Amino acid sequence: MAVQAVTGLRLLPLVLAILAGAASAQTQDKQPSTFGPVIGGALLCRDQIDNKYFYSWLSSHFGAPYKHEGGAFWFRTGEATLWGAPVTEVMVSDDTSELVFLAAVAEVPPDQLEQSVRSAAGVRYPAADSSQYPLRVSATGSKIAYYNSKSKIYCAKFKPLPPGR
């Protein structure tokens, strides 16, 4: 009986690790119910951008970033959607830039993403120029850019002054 108890205790960490891995994989495959309000609202520049908050939020819902490149931490979002468009990655700025930003890659062209955002959130993104691949800019400062055959939507703001200045 004592041998069975010891064997069971030895297996407990293994079982817990397997369950934690399965829960993490499930979290990464499922979109959190707050993804639209939290990430979508920030991408529309409807509030301040706090990169530490978004890093923590994304890490808790999608796991560790899969890369750190170009002044940003990159998170894979599984099968997430915003405004009816599939979103495969979200990036949040690190502290190396004078800007703080949040960005997302949508698997649709910019004109289609603009129509989706306009239909779902009422935000318009007129083209900034008449080029073949124009940057689209909302009244709040959110931008939609071409990213190969996809779109990148982002909100970038200057960092606030440190407290006491």
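Biologist: What does Leu 102 touch?

Modeller: Leaving out residues up to four places away in sequence, Leu 102 touches Ile 39, Ala 42, Leu 43, Ile 49, Phe 54, Leu 58, Val 90, Met 91, Val 92, Ile 153, Tyr 154 and Cys 155. Contact means heavy atoms within 4.5 Å.

Biologist: Where do the numbers come from?

Modeller: This is a predicted model, in which local features need pLDDT of at least 70 and side-chain atom pairs count only at pLDDT 80 or more, while totals for chains, interfaces and linings use all residues. Residues are numbered from 1 along each chain as its sequence is written, and side-chain values use heavy atoms, with hydrogens and water left out.

Biologist: Which residues have the most contacts inside the largest nonpolar core?

Modeller: They are Phe 35, Ile 39, Leu 58, Leu 102, Leu 113 and Ile 153, in a core of 32 residues. A nonpolar core is a set of buried Ala, Val, Leu, Ile, Met, Phe, Trp, Tyr and Cys residues joined through side-chain atoms within 4.5 Å. Buried means under 20% relative accessible area, exposed over 50%, and partly exposed in between, with a 1.4 Å probe and protein chains only.

Biologist: Which elements each supply at least two residues of this core?

Modeller: α2 (35-43), α3 (51-62), β2, β3, β4, α4 and β7 do. Helices (H or I, at least four residues) and strands (E, at least two) are DSSP runs, numbered from the N terminus. The most comes from α2, which gives 5 residues. There is also a second, separate core of 6 residues, including Ala 72, Met 91, Ala 103 and Val 105.

Biologist: Back to α2. How many of its residues are buried?

Modeller: 7 of the 9 residues of α2 are buried, so this helix is largely enclosed by the rest of the structure. What covers its buried residues includes α3, β2, β3, β4 and β7. After α2 comes Cys 45, with a positive phi near 60 degrees.

Biologist: New topic. What order do the strands of the open sheet have?

Modeller: The 7 strands run β1-β2-β3-β4-β7-β6-β5, with antiparallel pairing. Two strands pair if DSSP finds at least two bridges between them.

Biologist: Which strands stand at the edges?

Modeller: β1 (67-69) and β5 (136-137), each with a single partner strand, so one side of each is left without a neighbour in the sheet. Helix α4 (residues 110-121) packs on the sheet and touches β3 (85-93), β4 (99-106), β5, β6 (143-147) and β7. The direction of α4 makes about 150 degrees with that of β6; axes are lines fitted to C-alpha atoms, for helices over the stretch in contact, and angles run from 0 to 180 degrees between N-to-C directions.

Biologist: How many bridges do β1 and β2 pair over?

Modeller: β1 and β2 (residues 72-82) pair over 3 bridges. In that strand pair, Glu 69 stands opposite Ala 72, and His 68 faces Phe 73. β2 and β3 pair over 8 bridges, with Trp 74 opposite Met 91.

Biologist: And Lys 152, where is that?

Modeller: Lys 152 is in strand β7 (residues 150-158). Lys 152 is buried yet has no salt bridge, and the nearest side chain of opposite charge, Glu 89, is 7.3 Å away. A salt bridge is a side-chain nitrogen of Lys or Arg within 4 Å of a carboxyl oxygen of Asp or Glu. Lys and Arg count as positive and Asp and Glu as negative, while His and the chain ends are not counted. Beyond residues up to four places away in sequence, Lys 152 touches several residues, among them Trp 74, Met 91 and Tyr 147.
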